[in-house]
Amino acid sequence: MIKKSAHIIFPILTTIFNKCTELSYFPSAWKISFVKVLKKPYKTDYNDPKSYRPTISLQTSVKSSKNLSIKNLVFITSKNDILSRNQHGFTPGKSTTSALMDITNTALQYKSSHKVAIITIDIAGAFDNAWFPAIIKQLDRHKVPSDILKLIQSIYQTE
């Protein structure tokens, strides 16, 4: 339905999202989500909480607004050369595959002259448990425009 009516909806949503950025305000109603718990396939013990995966259903407006905020940040960080070249998440043209390729290429480069070992860690829920005051401080330090900074604060501010 949204795809079919995009030519009508898009200008209206653009105006709303621009106003949210201008006012540095993310509406509380957009933060409401619905959680559904799904069984993970092929688990042997469904008494174990790890055998389930929560899925969160956000309103389309929330997803669109967050995506626009992320795109603004990606543009600003790319334009101002803020991110490390080792940053792969939320970086155009990079992915987990490009991160793995970088690690592999570095290991192969040093393999002939050094002993090489690779240790990886997967920090469960790293993004969900990120300390947003530190992230905001870093964005501010790198001169991210205040309207975008305040909008991001509003998105992650709890009522």
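## Salt bridges

A salt bridge is a side-chain nitrogen of Lys or Arg within 4 Å of a carboxyl oxygen of Asp or Glu. This is a predicted model, in which local features need pLDDT of at least 70, side-chain atom pairs count only at pLDDT 80 or more, and totals for chains, interfaces and linings use all residues. Residues are numbered from 1 along each chain as its sequence is written, and side-chain values use heavy atoms, without hydrogens and water.

The count is two salt bridges. D102 pairs with R85 at 3.9 Å, N to O. D102 lies in helix 3 (residues 96-111) and R85 in the loop between helix 2 (60-79) and helix 3, so the pair ties together parts that are 17 residues apart in sequence. Helices here are DSSP runs of H or I, at least four residues, numbered from the N terminus. R85 is exposed at 60% relative accessibility. D102 is partly exposed at 27%. (Exposed means over 50% relative accessible area, buried under 20%, partly exposed in between, with a 1.4 Å probe and protein chains only.)

K19 and E22 form a salt bridge too, at 3.2 Å, N to O. They sit three residues apart in helix 1 (residues 6-23), about one helical turn.

## Aromatic rings

The whole structure holds one aromatic pair. (Rings of Phe, Tyr and Trp, for Trp its six-membered ring, pair if their centres lie within 6.5 Å; planes under 30 degrees apart are stacked, over 60 edge-to-face, the rest tilted.) Y46 is partly exposed at 28%.

Methods. Helices (H or I, at least four residues) and strands (E, at least two) are DSSP runs, numbered from the N terminus.
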